[in-house]
Amino acid sequence: MKHVFLTGVPGVGKTTLVKKVCDAVVSAGVSVSGFYTEEVRERGRRVGFDVVTLTGDRGRLSRVSAQSAAGGRECRVGQYVVDLQSFESLALPLFRDMREGNKRLFVIDEIGKMELFSQAFIRAVRQTLDASSCSILGTIPVPKGKPLALVEEVRGRQDVKIFMVTKENRDVIFDDIVSAVQECLK
């Protein structure tokens, strides 16, 4: 096993677990890089998502938008318009830095519909999955509707361990995830 992915319904706590696992392995001396996604709220209402690097840099992933762009070339997931340029300019250099540096664990939260509009992101994830120098701690959505090719690819890999996060197990599954990640890093 080389990579660990968490899956579960939206809002169950996957990102929170990823952050806690990162803290645990960093305190054990592991070099970590990558990003997670975070809700953006205004007056208690979710208005979009940002991508946030583990060093704290932040960029726009998507925002709520009612109107459609002229020509209809925008990337949409439901009510959200994906800001591909912002996402790629923040996320893609992390992949390059990780492959060139000595990072041992790379965090990808998440491989989802919004991120998969980027062909460069898909290529970078595949290269990282096949790289010998690092392991991935990531999140993928539960299967729903039309399958997402890269998500199904990850799900089907022999070198991936997947944890299903639920409201019932999210508070007790942490140690198992940390152990699995540490096993990957050996």
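Predicted model: local features only at pLDDT ≥ 70, side-chain atom pairs only at ≥ 80, totals over all residues.

Trainee: What holds the strands of a sheet together in general?

Mentor: Strands in a sheet pair through hydrogen bonds of the backbone, and the pairing may be parallel or antiparallel. In our case, you can follow individual bridges: glutamate 38 has aspartate 50 in S3 as its bridge partner, and threonine 37 stands opposite valine 51 in S3.

Trainee: How many residues lie between S2 and S3 in their hairpin?

Mentor: There are two residues between S2 and S3, and arginine 43, which is in the turn, has a positive phi of about 50°. S3 also pairs with strand S4, residues 58-64, in the antiparallel sense over five bridges, with valine 52 standing opposite arginine 58 in S4. The hairpin of S3 and S4 has four residues between its strands, and there glycine 56 takes a positive phi near 100°.

Trainee: Which strand pairs with S2 in the parallel sense?

Mentor: That strand is S7, which is joined to S2 over five bridges, and phenylalanine 35 has isoleucine 108 in S7 as its bridge partner. S7 also runs parallel to S8, with four bridges joining the two, and here valine 107 stands opposite leucine 137 in S8.

Trainee: In what order do the strands stand when the whole sheet is put together?

Mentor: Nine strands form an open sheet with mixed pairing, and their order is S5-S6-S4-S3-S2-S7-S8-S1-S9. Strand S5 (75-77) and strand S9 (160-164) are at the edges with a single partner strand each, so one side of each has no neighbour in the sheet. Neighbouring strands of the sheet are turned against each other by 25° on average, if direction is ignored.

Trainee: Why can S3 be called largely enclosed by the rest of the structure?

Mentor: A residue counts as buried when its relative accessible area is under 20%. Seven of the nine residues of S3 are buried, so the rest of the structure largely encloses this strand. For strand S7, residues 105-109, five of the five residues are buried, so S7 too is largely enclosed. Leu105, Val107 and Asp109 point one way from S7, while Phe106 and Ile108 point the other way, and all are buried.

Trainee: Is threonine 37 buried or exposed?

Mentor: Threonine 37, which is found in strand S2, has a relative accessible area of 14% and is therefore buried. If we leave aside its neighbours within four places in sequence, threonine 37 is in contact with Thr15, Asp50, Leu61, Asp109, Glu110 and Glu115.

Trainee: And what about a residue in a helix, such as valine 178 in helix H5?

Mentor: Valine 178 has its place in H5, residues 174-184, and its relative accessibility of 11% means that it counts as buried. Leaving aside neighbours within four places in sequence, valine 178 is in contact with Val21 and Ala24.

Trainee: Which strands does helix H4 lie across?

Mentor: Helix H4, residues 149-156, lies across strand S1 (3-8), strand S8 (135-141) and S9, and runs at about 125° to S8.

Trainee: How does one find the empty space in a structure?

Mentor: The general idea is to roll a probe the size of a water molecule over the atoms, which shows where empty space is left. Here the largest pocket has a volume of about 1,000 Å³. It is lined by 35 residues, of which Pro10, Lys14, Phe49, Glu110 and Pro141 are the closest to its centre. Helix H1 (14-27), S2, S3 and H4 are the elements that give two or more residues to this lining. By class, the lining of the largest pocket divides into 15 nonpolar, seven polar and 13 charged residues.

Trainee: What is the volume of the second largest pocket, and which elements give two or more residues to its lining?

Mentor: The second largest pocket has a volume of about 150 Å³, and the elements in question are helix H3 (119-130) and H4. Among the residues that line this pocket are Lys113, Ile122, Arg126 and Leu150, and the lining has six nonpolar, one polar and four charged residues.

Definitions and conventions: Residues numbered from 1 in each chain as written. Heavy atoms only, no water. Pairing = 2+ DSSP bridges. Axes fitted to C-alpha atoms, helices over the stretch in contact; angles between N-to-C directions. Contact = heavy atoms within 4.5 Å. 1 Å grid on protein atoms, 1.4 Å probe; cavity = no way out; pocket = protein on both sides within 12 Å on 5 of 7 lines; lining within 4 Å. Points joined across faces, edges and corners; volume = space filled by probe spheres on them. Nonpolar A, V, L, I, M, F, W, Y, C, P; charged D, E, K, R; others polar. Buried < 20%, exposed > 50% of the residue type's maximum accessible area, 1.4 Å probe, protein only.
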